[in-house]
Amino acid sequence: MSGVFGIFTKSGELDVVREAYFALYALQHRGQQSCGIAVNDKGKIMCHKDAGLVPDVFNEMVVNHLSGGQCAIGHVRYGSYTPNSRTDAQPLVAKYPKGMVAIAHGGNIVNADELRDKLHENGAMFQTDSDAELIAYMIAKERLGSNSIEESLLSLMKVLKGAYSMVVMSPKKLIAVRDPYGFRPLCMGQKDGHYIFASESCAIDSIGGEFIRDIEPGEIVVVTNEGVKSYKTDLKVETGRCIFESVYFARPDSVIDGSSVHNARKEAGKYLAKEYPVEADLVCGVPDSGLDAALGYSIESGIPYGVAFIKNRYIGRTFIQPTQGERETAVKIKLNVLKASIEGKRIVLVDDSIVRGTTSANIIKMLRDAGAKEVHLRVSSPPFKHPCYFGTDVDSRDKLIANRMTQDEICKYIGADSLGYLSIENMLKTPVGCKLDYCYGCFTGKYPMDIPEE
């Protein structure tokens, strides 16, 4: 997962570090374990990164120290399979015979171990297990010939398997790269003639920029003082944009590959109301990713929309906390029930997903304790049954409640009066206007590419 950002200015009139800093705020929902910014000042690349949230890692003194360059890239990290660590913070900055390169990467390379083992056999050494370091080494290796950095990246597309949306900064170029399947979003914008790349359009909006277009799957866009050039891989694969971006990950004010995230979630709620109607007094959503779907359920069903929870805005997303204990503690601190709103009422509670089940059980118990008469849970995605190999923290089947229990058993376990999941068929209809096909292997076990057995 994670979030990436890049900005390039020909004139130097824009403070690219401050722009990156504010853009990372807008992308904080995509990663809360670490963050960083690298800046190119006349060919010299400086970087500051650390574990923690954007305001914890960057203060006025740090931002002022970095400021003054022509180009900057930024990263917020979501650690799916590795623990929180300064070592894994990005951007990664590397020096090699052709100069310096900085990389901010989002996604997961599924054949990384295989590639790393082959490089080890030829004497390569790595300091981390990060995909960014692997990609940086492979770029340097490709460039031993006369290849440009963009030509090297095109060659790597034929070798790298998995999800990668990234920005790459060299002394003279800013490059945006999206894998041929388009698993993770990446878009392009501009501000007063200065070019911007970001994981989501909301980051472009947040700094007063103008959205231009999405980076296409398999596309490399290069920005230099001479202008913008685009390159496309000749690999022919069917696209597989992660459907969970629309369900949970992305911010509702983003537009991804032609589809409004807010509208997609609202459509999901409408379909849920058709698939699982129920008599109730109030429809409520679990903040934040369940709110839009709850609104859609209310519109379709005619049941009034209301507020069941007050959210503590100073705590992050519970799903992307690294341990289950941290997730459970975070839920209790994060949400408080608005008792006056739900006491004595039959509640339709809408949430985006059930992964392990413990969070849903805690939330429903909170509603019961506050006096809810009935709680009917509606989920705006199908049951999670399979791991994700492309950067989402769903890494083993035994952690997924839908693999251990039937729908009725899950309903009983979480303490709901009824439970309904959105069907796969209707889920795929929700991102209205999306130009790509989807990856939804976490629900079906069928992925756009073959997955290494290990």
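The model is predicted, with local features needing pLDDT of at least 70 and side-chain atom pairs counted only at pLDDT 80 or more, while totals for chains, interfaces and linings use all residues. Residues are numbered from 1 along each chain as its sequence is written, and side-chain values use heavy atoms, leaving out hydrogens and water.

The largest cavity has a volume of about 130 Å³, where volume is the space filled by probe spheres set on grid points joined across faces, edges and corners. Its lining holds 16 residues, with Cys242, Cys388, Thr392, Cys439 and Cys442 nearest the centre; lining residues have an atom within 4 Å of a point.

The second largest cavity, at about 50 Å³, is lined by Ser246, Val247, Ala264, Arg265, Ala268, Ser380, Leu422, Met427 and Thr430. Helix H9 (261-275) and helix H8 (244-249) each give two or more residues to this lining, helices being DSSP runs (H or I, at least four residues) numbered from the N terminus. H9 gives the most, with 3 residues.

Elsewhere, serine 130 sits in the loop between helix H4 (112-121) and helix H5 (131-142). Serine 130 is buried, with a relative accessible area of 11% (buried means under 20%, with a 1.4 Å probe and protein chains only). Not counting residues up to four places away in sequence, serine 130 touches Asp88, Leu92 and Arg116, contact meaning heavy atoms within 4.5 Å.

Conventions. On a 1 Å grid over the protein atoms alone, a cavity is a set of points where a 1.4 Å probe fits but cannot get out, and a pocket is an open set with protein on both sides within 12 Å along at least five of seven lines; lining residues have an atom within 4 Å of a point. Buried means under 20% relative accessible area, exposed over 50%, partly exposed in between (1.4 Å probe, protein chains only).
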